[in-house]
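Please consider the following note while viewing the sequence and the model together. It is written for a reader who is new to structural description.

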Amino acid sequence: MKPEVELYDTTLRDGSQGEGINFSVSDKIRIAEKLDAFQVHFIEGGWPGSNPKDIEFFELAKRKKFKHARLASFGSTRRKGVAVESDEQVALLLQAGTPVVTIYGKTWMLHVKEVLRTTPEENLAMIGDTVRFLKDHGKYVIYDAEHAFDGFKGDSEYALATWIAAEKAGADNVTLCDTNGGSLPEEVAAITRAARGRLTVKMGIHTHDDIGLGVANALAALQAGATHVQGTINGYGERTGNCNLTSAIPNIALKMKKRCLSSSSLAQLKELSQFVDEIANLGHNPRQPWVGSAAFSHKGGTHVNAVQKLVSSYEHIDPALVGNQRTVLISDLAGRSNIVMKARELGIKLSDDLPELKTILARIKELEHAGYEFEAAEGSLAVLIRKILQGRPAPFQVNGYHVSMRRENSASICEATIKVEVKGKAAHTVAEGDGPVNALDSALRRALVNFFPQLGKVQLTDYKVRILDSMTGTAAKTRVLIESSDGLRHWGTVGVSENIIEASLQALVDSMEFALVKAA
Ligand SMILES: [Zn+2]
């Protein structure tokens with residue numbers, strides 16, 4: 001299916017510049033895998049010239065096979081007065097080894113003169129040289145025209161000349177960026193139309209939400225001739241954020257009726273949105289359009305009544321199309337098909353009419369009520385489903401543990417002991433660590449690796465803690481999300497308790513158990 005609108009996700013680059021967002025390399029890999037499964041067309045992985053974490057991400061990504069998405073690295077045009085061949089930042093873009101390279105350059109004369117402090121001619125040469133150089137190295141080149149709209153308003157002929165320079169040098173796509181996020185939809189439409197009249201290359205749109213119009217501006221550009229849209233999941237990004245793809249995608253597919261994504265992918269939108277929030281360790285916004293938990297909830301008596309009679313009376317669309325649901329009428333069926341779908345992803349075959357499904361669903365609801373979240377904890381979900389379906393005992397049992405802390409030569413050292421049992425055989429181990437969770441992880445691993453050598457490869461790659469609001473007046477609960485990897489796969493597991501150590505142990509145990517059942 002050839003898309004009418006290409007989706008370009010920059011959650012891992014522009015999105016990661018949002019306040020309160022800090023992705024580890026393993027977070028970025030997991031999000032990239034999720035976006036690929038969701039079938040976006042491009043994933044911008046980062047800016048290798050701006051930080052070492054992004055270089056590491058691209059090194060890891062080289063070993064991954066993305067099925068649907070093409071990976072892009074991001075950077076700028078060459079520096080002024082430097083030959084493109086000897087520009088280190090451009091060299092890093094090639095080293096990233098991605099099929100797609102996106103570079104940004106200046107449109108706005110004000111920036112050329114005052115920020116770059118160079119001549120209009122040199123700026124055109126910087127654009128042309130860099131695009132040509134990357135094309136010569138076999139890259140698919142996207143040219144992001146920074147401040148495209150402000151630049152056009154200042155000097156339209158010069159703005160056009162910069163875009164034409166990119167096109168002439170062989171760019172595959174020229175994307176107009178509303179970098180400061182202050183444009184109105186009619187301006188974006190008019191300028192996109194003007195550019196469309198002068199360029200033959202594929203055109204894209206990259207907007208920001210500074211005046212609450214990020215999505216509206218992107219749609220306006222698509223109506224005026226752009227066929228590629230850049231944005232982030234949940235609208236993450238600097239200041240007030242980027243064009244929110246979580247809103248833009250269903251608007252493009254369901255309202256503008258342009259082909260961009262299969263309906264089965266679209267039905268995973270809510271899950272994707274929650275997954276990315278979980279990885280970012282942010283609460284999901286209930287009022288988020290399309291995917292928020294309140295987006296289709298009906299509280300007012302007349303609404304509920306009307307919705308029960310005729311669902312279309314108070315809903316602009318069927319929530320299931322984006323994987324959301326009506327909250328007054330949570331149907332067991334919707335819940336069921338979600339679990340069946342999730343289980344299939346995890347390699348567990350379930351049929352829709354399986355009687356155990358009801359038990360699984362009830363258990364998940366109970367745990368969610370207690371503060372668990374499974375969107376980013378597929379390891380825990382798989383362990384839970386298997387436990388109920390197969391009724392087999394877990395591969396190992398933790399019979400007790402103890403964690404203590406002491407100071408030694410002004411350093412604090414944590415020590416953990418743990419008792420495990422495997423098929424009637426007991427092991428009792430001790431380990432030290434620089435924190436209680438680290439010590440517990442080491443002790444558990446040491447105890448288990450004698451029985452299951454394959455666990456030697458499993459590593460804890462990330463650890464996140466969230467304090468859940470207490471509604472009951474009792475002590476607040478802690479949710480721990482652990483990410484693990486065996487070098488090939490990454491997975492998440494979750495634990496919840498009033499005690500952070502206990503919550504961590506739950507997540508650690510699930511992680512090991514998932515590694516074992518997965519390998520089996
Ligand atoms: Zn941006």
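The numbered points below treat helix packing, backbone angles, a cavity and a pocket.

1. Basis of the note. This is a predicted model, in which local features need pLDDT of at least 70 and side-chain atom pairs count only at pLDDT 80 or more, while totals for chains, interfaces and linings use all residues. Residues are numbered from 1 along each chain as its sequence is written, and side-chain values use heavy atoms, with hydrogens and water left out.

2. Helices H7 and H8. Helices (H or I, at least four residues) and strands (E, at least two) are DSSP runs, numbered from the N terminus. The axes of helix H7 (residues 156–168) and helix H8 (residues 185–198) cross at roughly 55° and come within 11 Å. Axes here are lines fitted to C-alpha atoms, for helices over the stretch in contact, and angles run from 0 to 180 degrees between N-to-C directions. H7 and H8 are therefore oblique to each other; angles under 35 degrees count as roughly parallel, over 145 as roughly antiparallel, 65 to 115 as roughly perpendicular and the rest as oblique.

3. Handedness and contact of H7 with H8. H7 passes H8 in a right-handed crossing. A crossing is right-handed if the near helix is turned clockwise from the far one by less than a right angle, and left-handed if anticlockwise. Glu157, Leu160, Trp163 and Ile164 of H7 meet Ile191, Ala195 and Arg198 of H8, where contact means heavy atoms within 4.5 Å. By class, this contact has five nonpolar, no polar and two charged residues. Ala, Val, Leu, Ile, Met, Phe, Trp, Tyr, Cys and Pro count as nonpolar, Asp, Glu, Lys and Arg as charged, and the others, Gly among them, as polar.

4. Helices H15 and H16. Helix H15 (residues 356–369) packs against helix H16 (residues 378–390) at an angle of about 140°, with the axes 10 Å apart. That angle makes H15 oblique to H16. H15 passes H16 in a right-handed crossing. On the H15 side the contact is made by Glu356, Thr359, Ile360, Arg363, Ile364 and Leu367, and on the H16 side by Leu381, Leu384, Ile385, Ile388 and Leu389. The contact of H15 with H16 has eight nonpolar, one polar and two charged residues.

5. Positive phi angles. Most residues other than glycine have a negative phi. Arg239, which is not a glycine, has a positive phi of about 55°; Arg239 is found in the loop between strand S8 (228–231) and helix H10 (245–255). Ser410 also has a positive phi, near 60°, and lies in the loop between strand S9 (397–408) and strand S10 (411–422).

6. The cavity. How many cavities of 30 Å³ or more does the structure hold? There is one, and about 60 Å³ of space lies in the largest cavity. On a 1 Å grid over the protein atoms alone, a cavity is a set of points where a 1.4 Å probe fits but cannot get out, a pocket is an open set with protein on both sides within 12 Å along at least five of seven lines, and lining residues have an atom within 4 Å of a point. Grid points are joined across faces, edges and corners, and a volume is the space filled by probe spheres set on the points. Strand S12 (459–468) and strand S13 (477–485) each supply at least two lining residues of the largest cavity.

7. The second largest pocket. About 920 Å³ of space lies in this pocket. Of its 27 lining residues, Glu33, Lys34, Ala37, Lys67 and Glu345 are the closest to its centre. The largest share of the lining, six residues, comes from H1.
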